[in-house]
Each structure stands twice: as C-alpha cells, then as structure tokens.
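Please keep the sequence and the model in view while reading.

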Amino acid sequence: MRLTAVLLLVTLMQVSATGLAQKISLSETDVPLKTIFKKIRTQSGYDFVYAESLFKGMKPVSINIKNAGLEEVLDQIFNSQPLTYSINNRTVTVKEKIPSLLDKAKSLILELVQDLNVRGRVVDEKGEPLIGASVKVKGSNRVTTTNDSGMFNLTGVSEDAMLEISYLGYKVKEIIAKARLGDIKMESHTGELEEVLVSTGYQTLPKERATGAFVQIDQTLLERRVSTSVLSRLEDVTSGLIFNKTANSNSAISIRGQNTLFTSAMPLIILDNYPFEGDLNNINPNDVESITILKDAAAASIWGAKAGNGVIVINSKKGNLNTSTKVNLTSSVQMGEKPDLFYYPLMSVADYIETEKKLFANGYYASMENSLSQVPLSPVVELLIAKRDGKIDGNLAEKSIEDLKAYNLRNDQLKYLNQYSLNQQYALNLSGGGANHHYYLSSGFDQNRANEVANSNNRFTINANQTSYFLDQKLELNFKIGFLQYEVRNNNQGLVNLQPYTRLVDNEGTPIAVTSLYRNSFKSFMQSKGFQDWSFNPINDVQEYDNRQLTTEFRINASAGYKVTPALRLLMSYQYSKNVAETSNLQKANSYNARNLINEYTTVNPDNSIILRIPLGGIKDLINSNGIGQGLRALLNYDKTLNTEHNLTAIAGAEIRQLRTTNQNSRLYGFSEDYQRSAIVDYLTRFPLSYNTGNLQTIPYRDSMRLLTDRFLSYFANAAYTYMDRYVLSGSVRFDQSNLFGVDANQKGVPLFSGGLAWNISKEGFYQSAILPYLKMRMTYGYSGNIFKSLSSYTTASYSDGQSSPTRLPFQQIENPPNPALRWEKVGMFNVGLDFGFVGNRIGNFGNSSPLIPQLN
C-alpha cells in the first residue's frame with residue numbers, strides 16, 4: 001500500500017535534477033539579462049522566476065567576476081537595473097524594484113532644481129522619421145511623443161535621467177538624457193516576429209526566407225490539448241488541415257482538400273527526416289518537439305512523387321548542449337462523456353411505426369414476406385402479418401404496436417453498449433548535454449478505454465537519441481532509436497439494421513434477442529431440426545469475441561554530418577524500420593457470427609437428420625503483416641551570406657529507399673481455445689445454403705499470401721536567394737524513379753519542380769504600419785505527385801484456383817491492361833499568400849491556392 005502511494009505521488013510530480021556549483025565565474029560584455037541568468041543557472045543549479053514584461057528596455061549587462069558567491073554576482077548585475085531579487089529554495093525570484101520614500105523625494109527635488117532641455121529625433125533603420133513614437137523619462141510619469149518630423153522636446157529633465165523610447169513594431173530603446181541627442185535610430189522588432197524556423201525534412205530554414213506555405217506548430221501549441229494522439233492534438237490549431245469525419249472519406253485528414261483522382265488524400269508523414277509508413281496515431285505526442293505542415297507545391301515538392309496531398313513533418317524532442325540532466329515525469333487522466341446518440345435528428349419512433357403500417361397496407365413488404373432467402377421483417381410488420389392472418393387478436397396486436405412507440409433503441413444502446421471513455425497517459429524522459437554532446441531518452445505508457453463497451457487500446461513507447469560533435473564541432477554524429485508496441489481491442493462493432501424501437505433488455509433488465517439476418521419463424525423452425533441457437537443477443541454477444549491487433553514498430557536512424565567549410569556541409573544518413581502487425585480475431589463458439597455461419601452451411605437430409613459442413617467451435621482469423629524499410633541519403637547543404645545583403649541557401653542530394661512488405665492471412669474453423677486446435681473443412685464442394693437451398697456456395701476460404709517490394713531512387717535540389725532580407729527567389733527540382741511505373745527506362749521516373757517569389761514588405765523603407773509591423777507577400781507555382789499502386793505499366797491479373805467457379809478450373813482475371821506509358825499522378829498548384837504579424841508575436845496569413853487538375857498518363 002505504501003509503495004502504491006509513493007508511485008501515485010511520483011506520477012503527479014515533475015522532477016528536475018540539476019548539477020550544482022558552489023562558485024560562479026562570468027566574463028560577459030553587453031549581453032542581455034536573460035543570457036546572464038542562463039549562465040548562472042548552468043553553474044549554480046538555481047532556477048530563475050520572472051515576468052517577461054520586466055525585461056522591456058533593460059540595459060545590457062557587462063560583468064567580469066571569478067569564483068564569487070551567488071548573492072555577490074546578483075548584487076553586481078542588478079546594481080544598475082531597476083530590479084531586485086529574493087532567494088528561496090534554490091529559486092531566484094526577480095521583481096521590479098520599488099523606490100523608497102527617500103528616492104522619490106530625491107527625484108522630485110532634482111526635477112525641480114534641474115532645467116535640462118532634451119531634444120532629439122526618432123528615426124527608423126533607414127533614417128526616416130517615426131511619427132508618434134513615445135519618449136518617457138524612466139521612473140517618472142513624464143512622457144511625450146514625436147511630431148511629424150520625428151522630433152521631440154522634454155524640459156526639466158535630470159542630467160542622469162534615463163529616457164525610454166518605444167514605437168509599435170520596434171524594440172524599446174533606452175538612452176541617457178542630454179541636451180542634444182540628434183537622431184535616435186530604432187531597431188525593427190519584426191526580426192523577432194519572423195524568427196520562426198520551419199523544417200522540410202531535408203533542411204531547416206527561417207520562415208522569412210521561405211516562399212512556400214508553411215505552418216509550424218510548436219510544443220506549446222501541441223500541449224494545449226490533453227490527448228494520447230498526435231492527430232487529435234492537431235485538430236483546430238491551424239488552417240488548411242482538414243479533419244474528414246464523414247463515413248465515406250478515404251483519409252482521416254487532408255491538407256487543403258482533395259488533390260488526387262484515385263489515391264488516398266492522406267498527406268505524406270515525415271518523422272525525423274524520413275517517410276513514416278505507420279499509423280500517425282501510433283506516435284507518442286509527448287516525444288514531439290514541433291510539427292511543420294507543408295501546404296503548397298513550393299513547400300512540399302522537395303518530397304516529389306509522394307507529396308501531392310501535402311506533407312506533415314514531425315521532429316522529435318532532443319537534448320541541448322551545455323545543459324545539466326533533467327528528469328521529467330508527467331501523467332494525465334482524462335474522462336470523456338458517452339457519445340450523444342441524440343445529436344443527429346432522426347424520425348421519431350411513432351412516425352417510423354406509422355410509416356411501416358402505411359407501407360404494409362400498400363403491399364410494400366409482400367415480396368420480402370415471400371422471399372426464398374428468409375429476409376428478416378421488423379417486429380411491427382410481423383405483428384401486422386399475424387393480425388392479418390388471424391393468428392393474433394387485432395386489439396392485442398394494435399396494443400403491442402402502440403407499446404413499442406414508448407421505446408427508443410438509443411436509450412438502451414447508451415446504457416448497455418456505451419460507457420464513459422477513460423484515457424490514462426504516463427511519460428518519463430531524461431535529457432541533457434555537455435559541451436560536445438546532447439541526449440534524450442524517453443518512455444511512455446498509455447491506457448485508453450473507448451466509448452464502446454469491450455473496446456480499448458494500449459501503447460508503450462521507448463525513444464532515445466544521442467548527438468556528438470568532434471573536430472571542433474565540424475563533425476556531427478547522430479543516432480536515434482525508437483520502439484513502439486500498440487495493442488487495439490475491438491470487440492464491440494456497434495449495431496446495424498435495427499429498428500429504432502428495438503429493445504435490448506426486458507422489463508427486468510435482462511438482455512434479450514433481437515431480429516437479425518433472417519425471419520424469426522424460419523430460425524425457430526430450423527432450431528427445432530437440431531440447428532444451433534440462431535438468436536442474436538447484442539449485449540451478451542459483445543463478450544463472445546476476442547478481436548485484437550498488436551503492432552510492433554522499430555526504427556533506427558543514423559547520420560554523420562561534416563562541415564567542409566563554414567558555408568558547406570555534407571550529410572550522410574541511413575534509416576532502418578520494421579513494422580510487424582499481428583491481428584487475431586476470434587469469434588468464439590457461442591458468438592452469433594460463428595453460430596450463424598455454422599447454421600448457414602448445415603444441410604438437412606430427407607430423413608430430417610442434419611450434417612454440419614462447418615464443425616462446432618470458434619472461428620479464428622489470423623492476419624500477419626511484416627514490413628521492412630531501408631533508406632540511404634546523401635545531402636550537400638550550402639548557406640552563405642555576402643556583404644550582409646545577399647544570401648544563398650541550397651541543398652542537393654540523392655536517396656534510395658526500399659519497402660518490402662509481406663502479408664499472410666488464414667482462417668481456422670472449429671477452433672478450441674482450451675486445446676488450441678482446429679478442424680479440417682471441405683473448401684472444394686459447393687453446399688446448398690440452409691436459408692435458400694437453391695443457392696450453392698463453397699465454405700469461405702480466407703488463406704492468402706502477398707509479397708510487395710517498392711523501390712525508389714531520387715535526385716533533388718533546392719535553392720533560395722535572398723536580397724536585403726526583402727526579396728526571395730526560390731526553386732526546387734526533383735526526379736523520382738520507381739519500380740512501380742514504366743516499361744521503358746525513360747518512363748520509370750518523373751521530373752517535378754516548383755518556383756516561388758516572396759516580398760518582405762515590412763522591411764521596405766516606405767512601410768510604416770504600427771498595426772501590422774510584419775507583412776510579407778508570396779507567390780508559388782509547381783508540381784508534386786501521388787502514387788497509385790493499383791495501376792501498373794504491365795498487365796496485372798488476379799489468380800484463382802477455380803474452386804468457387806462452376807468449372808472448377810483455375811483462371812486469371814485481368815485487373816489492368818498493359819500501359820507502357822503509365823506515369824505517376826502529377827498535381828500542379830498555383831498559390832498566392834499574404835503573411836502578416838501583429839505586435840506581440842501574433843502571426844496570421846491568408847491566401848488563395850488553386851490546385852490544377854491532377855494528371856495521370
């Protein structure tokens with residue numbers, strides 16, 4: 001009991017362990033206060049707590065001290081700042097210094113006796129006047145604003161006063177007061193707004209140099225929602241990412257709608273710079289550092305023939321250099337309501353029954369009543385038939401029908417087949433680093449109970465990465481490993497084809513049988529001949545299944561990067577991944593599915609004896625899938641700035657990938673859980689079905705094997721030129737080859753390209769907007785592609801052994817005729833966008849994206 005209590009306590013805590021240092025040494029010149037705090041924390045282990053607003057206008061700090069105590073260092077750095085501090089439990093709290101009565105009196109006397117007239121002119125980086133800039137005497141209420149020429153004038157200012165100058169879109173500036181200040185040049189604040197790094201999976205670059213449509217979702221945004229799924233955390237956090245919740249959708253999410261004719265609209269998922277072939281829900285969100293969504297052709301075309309639906313780039317967490325070891329243990333428990341089955345308006349039960357009565361009167365059910373296939377009829381229709389045929393008193397039939405109007409299937413479904421969901425998530429990680437290495441290690445366990453009774457999923461993950469630097473940090477070696485085990489149990493398939501007045505329990509709350517598949521009179525008659533119980537009890541039947549899927553994923557990433565020159569870097573990387581999915585669907589001997597299939601293939605002899613074509617027992621389906629992927633990439637990265645005005649960023653490289661997948665399906669009849677044995681059945685003979693003896697069918701055969709090998713060879717290049725941080729020109733080209741397409745060598749590949757322009761308007765000298773300090777216009781055009789594996793340049797056919805055909809001869813059925821000129825599906829896109837930013841780092845965008853018609857030759 002004590003151990004349990006300790007574990008529960010630890011689960012609800014975050015532990016941060018840091019290395020401690022007794023003495024502090026610093027040698028810094030004109031650095032921000034935050035930088036000093038970080039260095040003190042590294043050496044001492046003390047944490048700093050402060051409000052961001054305190055640092056607006058703080059003077060930079062210069063300090064040179066050796067082997068000093070913490071308080072001595074803090075006293076020195078706060079000596080010239082309007083701040084003070086307190087220390088409690090290894091935490092330094094920084095707060096604003098409150099002037100004493102003596103300080104206030106001194107300030108007042110100085111203001112009265114001094115008569116210094118301060119004049120100056122506030123200008124931007126180009127020397128243009130800033131109209132309406134605020135000029136304030138720090139520590140007082142004296143403030144003025146600049147005129148149409150950017151000029152200001154303050155009288156009665158103390159000689160040692162500090163002036164604080166601010167303007168929307170620019171950094172706050174502090175200067176010492178003097179009579180003639182001349183031009184005071186302000187520094188644009190838009191640089192901080194734009195300092196957003198976006199990742200394409202091949203490179204990381206500032207958003208200001210990008211022409212494509214990128215959206216970056218950082219860790220803070222991801223953690224706004226408590227969830228065990230990355231997919232659910234992405235919902236409603238960015239524009240352009242569409243969640244498709246309709247039943248007929250071929251993908252859970254899409255980027256800017258449907259961009260394909262035949263394939264799935266699911267975007268390409270990149271995890272740690274390589275395509276991720278698994279389920280996005282398998283990724284532990286606690287291990288994700290950031291997600292970048294590539295929306296248009298200029299952003300996504302670097303991924304070529306698989307990027308037509310957009311790209312989602314996921315980067316895992318990693319450690320930092322010169323950081324002491326941190327241990328974080330977090331947990332969350334989330335309980336959800338039962339689903340609202342009454343959300344969608346449906347016909348009332350009374351109206352439904354009246355409609356059935358009207359249809360019966362018009363003879364609508366006559367064909368079903370006489371069907372040779374024993375089509376099931378609803379309880380109301382059966383009562384109407386019994387009343388018509390005189391098998392039941394008319395008043396009693398009408399009363400029974402009226403009684404059904406008081407029931408609603410959804411009430412029973414909510415009470416007996418639905419439950420409150422419960423999601424439990426636990427995560428532990430360690431991170432840190434030294435001068436030449438950093439590391440990250442994590443493990444996670446999730447246990448989720450679904451809204452449907454008997455459904456659940458569990459996940460266990462381990463992730464680790466280590467980066468080391470050698471040769472004066474010119475050589476970088478990185479190694480990552482990931483392990484995942486994900487188990488899903490899906491024993492409650494829900495209810496289908498039941499009338500809205502169907503009852504699942506009787507008046508005492510005991511589960512009862514409902515009408516399903518065949519008429520009740522037919523099933524009762526066949527049971528009298530010795531057939532298995534043919535009744536369907538939805539509540540009890542849920543417990544008669546053991547349907548589970550166990551997925552195991554294993555990934556290894558290794559890379560080596562070498563900085564040939566300060567501007568040129570060579571990178572070699574390799575990935576190995578293995579995915580094993582084992583599905584076991586056991587329909588126990590008492591399950592309705594097993595009893596129904598046995599009864600369907602049971603034969604009645606002329607002497608009324610029966611023959612079981614399918615032996616008694618359970619039915620077990622096994623599906624095993626094994627996928628092994630390998631990828632090798634060589635990449636050159638160039639980034640050079642000349643004369644502070646010209647910047648060229650470029651990458652070029654090649655990669656080869658292979659994905660080999662095997663699938664094996666099998667079915668066992670007459671399966672015994674206790675003895676783990678099954679029985680042999682006759683798959684060759686066509687037997688008459690019990691519900692329609694004129695229909696001859698073979699026993700369902702589920703055994704199959706499949707082997708698929710996909711190979712890709714790609715060459716790519718991407719470059720962007722930036723002039724004066726205002727004008728950006730970008731271009732991208734990629735050539736993909738595959739064993740999937742083209743008989744001729746020149747038809748096995750497809751060239752894809754994109755180009756883009758961007759204009760950072762807010763950096764122009766004429767742009768003076770206090771409301772929108774950041775404004776950027778961009779335009780892109782290009783092509784990306786999609787892969788449709790169901791088509792091939794060769795003749796493709798499916799093989800059958802012919803046992804289910806009348807001739808019993810093997811045959812092949814043509815699926816696709818030959819097409820030597822077949823190529824990948826190409827998606828062209830033209831995009832125009834406008835990015836804007838408000839003060840306070842609030843960034844937005846809008847634009848128009850026009851996908852061209854996908855082409856498939």
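The buried residues of helix α11 pack against α9, α10 (366-369) and α12. Contact here means heavy atoms within 4.5 Å, and buried means under 20% relative accessible area with a 1.4 Å probe, protein chains only. Helices (H or I, at least four residues) and strands (E, at least two) are DSSP runs, numbered from the N terminus. The model is predicted: local features need pLDDT of at least 70, side-chain atom pairs count only at pLDDT 80 or more, and totals for chains, interfaces and linings use all residues. Residues are numbered from 1 along each chain as its sequence is written, and side-chain values use heavy atoms, without hydrogens and water.

Helix α11 spans residues 379-388, and its buried residues are Val 380, Val 381, Leu 383, Leu 384, Ile 385 and Ala 386. Just after α11, Gly 390 adopts a positive phi of about 75°.

Two helix pairs are set out below. Axes are lines fitted to C-alpha atoms, for helices over the stretch in contact, and angles run from 0 to 180 degrees between N-to-C directions.

| Helix pair | Axes come within | Crossing angle |
|---|---|---|
| α9 and α12 | 9 Å | roughly 145° |
| α11 and α12 | 9 Å | roughly 170° |

The crossing of α11 and α12 makes these helices roughly antiparallel, a term for angles over 145 degrees. In this pair, Pro 379, Val 380, Leu 383, Leu 384 and Lys 387 of α11 meet Gly 394, Ala 397, Glu 398, Ser 400, Ile 401 and Leu 404 of α12. The residues of this contact comprise seven nonpolar, two polar and two charged. Ala, Val, Leu, Ile, Met, Phe, Trp, Tyr, Cys and Pro count as nonpolar, Asp, Glu, Lys and Arg as charged, and the others, Gly among them, as polar.

Between α9 and α12, Val 349, Ile 353, Glu 354 and Lys 357 of α9 meet Glu 398, Ile 401, Glu 402 and Leu 404 of α12. This contact has four nonpolar, no polar and four charged residues.

Asn 408 sits in the loop between α12 and α13 (409-417). Apart from neighbours within four places in sequence, Asn 408 touches Phe 342, Val 349 and Pro 500.

Elsewhere, four strands build an open antiparallel sheet in the order β8-β7-β10-β11; two strands pair if DSSP finds at least two bridges between them. Its edge strands, β8 (143-145) and β11 (173-176), each pair on one side only. Four bridges join β10 (residues 162-166) to β11, and Ile 165 has Lys 173 in β11 as its bridge partner.

Note on methods. Buried < 20%, exposed > 50% of the residue type's maximum accessible area, 1.4 Å probe, protein only. Parallel < 35°, antiparallel > 145°, perpendicular 65-115°, else oblique.
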